[in-house]
Amino acid sequence: MMHKNDFKVGQTVYLKTRWFGMCWEYEEIEEATIKTIGRKYITVAVSPWREYQFDMEENFREKTDTSPTYDLYLSRQDIYDYWQKEYLLWKICRELTTHGDAVDLYALKSMAQILHIELKDFGGAER
């Protein structure tokens, strides 16, 4: 989670284009420089004629009258980690949806434990 004190004027930050679906295939990264840090907004410049504001009170959401174009990140690695997470979530969900019948109960219980999902006792025959 980012905070106002993570930013300094002149610092290089990274903008990720916003794309829904399989984002890692279509999104791009642009370098930007922090121009100003105000009470509510951080202004970044990609070039002298392209500036964007991000609202610190709204989880650094891009200030715009339309749908946001960019997400703000402190490093390229943060974006790569985001893409990796989105890919793994998509891939795991897809595999479970497509091949869920092939996953045995023991494997599902192991996954539930990793995800901190409480197991429910449905009763049944004692073993």
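Modeller: Let us begin with D6, which touches M1, Q11 and L74 when residues up to four places away in sequence are not counted. Keep in mind that this is a predicted model, in which local features need pLDDT of at least 70 and side-chain atom pairs count only at pLDDT 80 or more, while totals for chains, interfaces and linings use all residues. Residues are numbered from 1 along each chain as its sequence is written, and side-chain values use heavy atoms, with hydrogens and water left out.

Biologist: What makes a pair of residues a contact?

Modeller: Their heavy atoms must be within 4.5 Å. D6 meets that rule with L74, for example.

Biologist: Where does D6 lie, and why is D6 called partly exposed?

Modeller: D6 lies in the segment before strand 1. Strands are DSSP runs of E with at least two residues, helices are runs of H or I with at least four, and both are numbered from the N terminus. As for exposure, buried means under 20% relative accessible area, exposed means over 50%, and partly exposed is in between (1.4 Å probe, protein chains only). D6 has a relative accessible area of 30%, so D6 is partly exposed.

Biologist: Why does T64 count as partly exposed?

Modeller: Its relative accessibility is 31%, so T64 falls in the partly exposed class. T64 is found in the loop between strand 5 (61-62) and strand 6. From T64 to Q53 is 11 residues in sequence and 8.1 Å in space, C-alpha to C-alpha.

Biologist: What makes a set of residues a nonpolar core?

Modeller: The members are buried Ala, Val, Leu, Ile, Met, Phe, Trp, Tyr and Cys residues, joined through side-chain atoms within 4.5 Å. The largest such core here has 13 residues, and L15, I42 and F54 are among those with the most contacts inside it. Strand 1 (12-17), strand 2 (29-37), strand 3 (41-47), strand 4 (50-55) and strand 6 (70-73) each supply at least two residues of this core. Apart from it lies another core, of six residues, among them Y14, I29, Y73 and I79.

Biologist: Which residues does I42 touch?

Modeller: Leaving out residues up to four places away in sequence, the partners of I42 include F7, I34, Y52, F54 and F60.

Biologist: How many helices and strands does the chain have, and why is the chain called more spread out than a compact globule?

Modeller: There are three helices and six strands, in the order β-α-β-β-β-β-β-α-α along the sequence. The radius of gyration is 21 Å, well over the 14 Å that the globule rule gives for 127 residues, so the chain is more spread out than a compact globule. That radius is taken over C-alpha atoms, and the rule is 2.2 Å times the number of residues to the power 0.38. Along the principal axes, the C-alpha atoms fill a box of roughly 70 × 30 × 25 Å.

Biologist: What share of the residues is buried?

Modeller: Buried residues make up 24% of the 127 in the chain.
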